[in-house]
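Hi,

Here is the structure I said I would pass on to you. Have a look at it first, and then read my notes below.

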Amino acid sequence: MTLLKILKYPNKKLTRNTKKVKQINKKIHKIIHNMFETMYHHNGIGLAAPQVDIHLKIIVIDIMQQPSQPIALLNPKIIYRYENITTEEECLSLPGIKKKITRFNKIKINALNYYGKPIVITAENLLSICIQHEMDHLNGKLLIDY
């Protein structure tokens, strides 16, 4: 696996929109593995492909902060939102910046998993917040945009 370079603000590439993943293949699997490796190396709990200069709708998450419950989501889309919560967030692309943000405490999403199978995930609390944070990256939105 390869550590990828995390883009830092104010790099304009962080604000680009991303494209849907159309085909799951070895190249996409390699990207996912490298994203996990990079996220763990930087002690993150989530990473979006645009943060490593890959402009595809891919996010990886492991809120356990150790390689134990990794989630790869491709082309995620929120289909249900419920109950606001305000928390303080950080971002690997904006080191040293913390920002209070109001998000939904519970969401339901459609996505493709690592194998290209359609999945539905209901997420609450930290997982919900992390998914929303990483999905913002897929749309070119950063913490400082709040």
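Before the strands, one definition: two strands pair if DSSP finds at least two bridges between them. Helices (H or I, at least four residues) and strands (E, at least two) are themselves DSSP runs, numbered from the N terminus. Please keep in mind that this is a predicted model, where local features need pLDDT of at least 70, side-chain atom pairs count only at pLDDT 80 or more, and totals for chains, interfaces and linings use all residues. Residues are numbered from 1 along each chain as its sequence is written, and side-chain values use heavy atoms, with hydrogens and water left out.

Let's start with strand S2 (residues 58–61). S1 (residues 46–48) runs antiparallel to S2, and three bridges join them. Ala-48 has Ile-59 in S2 as its bridge partner. S2 and S3 also run antiparallel, this time with four bridges, and here Ile-59 is partnered with Leu-73 in S3. Both faces of S2 are covered: Ile-58 and Val-60 on one side, Ile-59 and Ile-61 on the other, are all buried. Buried means under 20% relative accessible area, exposed over 50%, and partly exposed in between (1.4 Å probe, protein chains only).

Now follow S3 (residues 71–89) to Glu-89. Is Glu-89 buried or exposed? Glu-89 counts as buried, because its relative accessibility is 5%. Its side chain makes a polar contact of 2.6 Å with the side chain of Arg-103. (A polar contact is a pair of N or O atoms within 3.5 Å; within protein, one must be able to donate a hydrogen and the other to accept it, and residues adjacent in sequence count only if both atoms are side-chain atoms.) Leaving aside neighbours within four places in sequence, the residues in contact with Glu-89 (heavy atoms within 4.5 Å) include Ile-97, Ile-129, His-133 and Leu-143.

Next, the rings. There are three aromatic pairs in the structure. Phe-36 and Tyr-40 are stacked, because their ring centres are 5.9 Å apart and their planes are at 20°. (Rings of Phe, Tyr and Trp, with its six-membered ring, pair if their centres lie within 6.5 Å; planes under 30 degrees apart count as stacked, over 60 as edge-to-face and the rest as tilted.) Both residues lie in helix H1 (residues 26–41), four residues apart, about one turn of the helix. Phe-36 is buried at 12%, while Tyr-40 is partly exposed at 22%. Tyr-114 and Tyr-115 form an edge-to-face pair, 4.9 Å centre to centre with 80° between the planes.

Cheers
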